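Hi everyone, thanks for coming.

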Amino acid sequence: MEDTRELTAIVTHAGKNHQEYIDMCIMLGRALTKYAPDVPKVAMIIAGMRLDYQVLLRQAGWRVLKVEDVDPCGEGIQHCDARFTYRWKDSFEKLNIFRLPFARVLFLDADTYVFNDGINFLLNSTLVPDGHVAMAPDGCKTNLKTGGTEYNSGVMLFKPSLETFQSMLEMISVRSGDEMLDQNIINDVFDGKVVELDKKFDCIDPVGVPPGLRRPCKTERICQKKEVVISHFTGMFKPTKANPFYLRLVQQPASFKATCENTNHGGCQKWAEYYCSMHQQRKHLTPELQEALETVGGCCLGHHASNPECTHSTSFNESTDSCPRVVDFSTKDAELPWMSEYYISNMVPTAFHDHRPIYQSTDKEVDQYIYYIASKRNWMIGPNPTVDLAMTYAHADALCPHDANNWKLLNNDKIWQSRPGIDIVPTEAACPWKLDVKAGSDLPASIADTSWTGTYILTAIAPQPMHGGKSI
């Protein structure tokens with residue numbers, strides 16, 4: 001790479017072994033090779049990444065740079081709680097970008113994607129003085145400390161500095177909780193030293209009212225779909241999640257508004273376009289995502305819109321057999337007793353529920369239900385499945401509650417706010433361990449082979465993405 005101190009590099013942070021982020025880095029790398037082929041690309045990875053993932057990153061055009069696996073929540077450190085460990089643990093390694101030996105660095109979060117050659121304007125025509133950083137506003141967020149604009153650290157242009165890196169380490173050593181997040185630290189270090197980028201270079205475009213805010217962002221804080229250069233797919237999950245149901249939401253051009261409204265998902269207006277790029281590049285992605293994409297089908301934009309997979313409906317059509325019989329929460333909170341085990345009740349779901357199953361808590365003292373409200377496209381947990389009254393809810397057109405994500409709770413200001421860590425999963429008791437399969441009375445006489453009838457038992461074979469997580 002010659003003398004790197006004279007070069008500008010594009011850098012990302014691929015993490016360790018999270019499939020969604022690996023595939024996003026592959027997609028980003030291939031887009032950069034197309035639109036900025038002469039700029040060196042470096043993907044920081046955490047030591048211990050699987051070798052096959054490293055190979056895929058190199059094949060996507062990245063030079064792989066290992067950094068130490070820093071555990072801010074390790075033994076003897078009291079800065080973290082369960083939420084932080086779950087959501088933000090790997091954000092510390094990102095700060096290594098400020099000590100890379102380059103003249104300039106354009107940093108792109110792994111969950112960004114470059115849609116056109118406008119990135120070259122950012123690289124070649126953006127002046128950033130020493131000691132400054134170029135960033136775009138984070139939606140319409142306000143910096144709680146300064147009262148000014150909060151900037152998003154997903155896209156940054158700057159000159160690396162060991163002094164800057166050292167000052168960030170010093171901040172970490174005395175902070176706790178969300179104050180340790182890379183974005184908070186970067187905003188504080190560069191307070192008053194930010195060159196503001198146009199939103200099209202870090203387009204998050206929240207739909208509706210973002211979590212923690214009381215009203216939608218003003219028009220000037222929303223980027224126009226046709227002008228987007230770099231889209232930032234914030235939130236959980238990512239559009240590369242190797243789950244056929246979730247990928248169908250990304251694939252369908254009309255699904256983004258209902259799926260992303262009032263959530264922390266960013267970049268949703270570009271989901272369908274991103275899906276088309278994924279499907280086109282599928283041979284270069286992880287085996288898990290390739291398999292899921294094969295199940296979902298092709299692009300649904302332009303002349304592809306008439307393809308059969310593009311008319312996919314998420315309605316149950318009055319059948320509820322597709323959902324697990326018993327669900328539970330992957331983690332529990334003693335202050336939230338409704339986080340318990342639930343089973344499909346005998347209550348008959350109606351059009352109000354889009355005919356999706358109604359779950360009832362196994363603990364009678366909890367006395368709560370999990371049910372779907374069709375008019376709002378919300379999965380809810382509440383005391384009465386016939387009314388809109390929730391302890392928590394997830395706005396997602398998910399077929400079953402365990403496929404819903406981004407559950408919300410009321411905060412102290414009576415505002416619904418995302419609560420990471422709420423994750424509903426099928427339990428081991430979700431499916432019976434033994435099934436007797438018989439030829440029904442309506443079986444056509446022309447079907448001579450009934451060797452498939454008999455007794456089936458639950459195996460220990462681990463289900464793959466093609467099985468949708470369901471038992472074998």
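By buried I mean under 20% relative accessible area, while exposed is over 50% and partly exposed is in between, using a 1.4 Å probe and protein chains only. Before going on, a word on where this comes from: it's a predicted model, where local features need pLDDT of at least 70 and side-chain atom pairs count only at pLDDT 80 or more, though totals for chains, interfaces and linings use all residues. Residues are numbered from 1 along each chain as its sequence is written, and side-chain values use heavy atoms, with hydrogens and water left out.

Back to our pair. Asp111 and Lys238 form a salt bridge, with the closest N and O atoms 2.7 Å apart. The rule for a salt bridge is a side-chain nitrogen of Lys or Arg within 4 Å of a carboxyl oxygen of Asp or Glu. Asp111 sits in the loop between β4 (104-108) and β5 (112-114), and Lys238 in the loop between β9 and α7, so this pair ties together parts that are 127 residues apart in sequence. Those labels are DSSP runs, numbered from the N terminus: helices are H or I with at least four residues, strands are E with at least two.

How many salt bridges does the rule give? The count is eleven. Another of them joins the side chains of Glu20 and Lys241, at 3.9 Å from N to O. Glu20 is in helix α1 and Lys241 is in the loop between β9 (230-232) and α7 (244-251), so here the parts being tied together are 221 residues apart in sequence. Glu20 counts as buried, at 3% relative accessibility.

Then there's Asp130 with Lys159, whose closest N and O atoms are 4.0 Å apart. Is Asp130 buried or exposed? Asp130 counts as exposed, because its relative accessibility is 58%. Lys159, at 45%, counts as partly exposed.

Now look at Gln19, which is in helix α1 as well. Gln19 is buried, at 13% relative accessibility. A polar atom of its side chain lies 2.8 Å from the backbone oxygen of Thr240, and the Gln19 side chain also reaches the backbone nitrogen of Ala242 at 3.4 Å. Leaving out residues up to four places away in sequence, Gln19 touches Tyr53, Thr240, Lys241, Ala242, Thr286, Glu288 and Leu289. Touching, or contact, means heavy atoms within 4.5 Å.

On to the greasy inside. The largest nonpolar core has 83 residues, and Leu108, Ile119 and Trp338 have the most contacts inside it. Helix α1 (residues 19-35) gives the largest share of this core, ten residues. A core here is a set of buried Ala, Val, Leu, Ile, Met, Phe, Trp, Tyr and Cys residues joined through side-chain atoms within 4.5 Å. Take Ile119: beyond its neighbours within four places in sequence, its contacts include Ile10, Leu32, Leu108 and Val229. Apart from that core lies another one, of 25 residues, with Phe102 and Met156 among them.

One last stop: Gly15, in strand β1 (residues 8-15). Gly15 is buried, at 9% relative accessible area. What does Gly15 touch, not counting residues up to four places away in sequence? The answer is Met44, Ile45, Ile46 and Met49. The C-alpha atoms of Gly15 and Ile46 are separated by 5.5 Å, although the two are 31 residues apart along the chain.

Key
A polar contact is a pair of N or O atoms within 3.5 Å; within protein, one must be able to donate a hydrogen and the other to accept it, and residues adjacent in sequence count only if both atoms are side-chain atoms.
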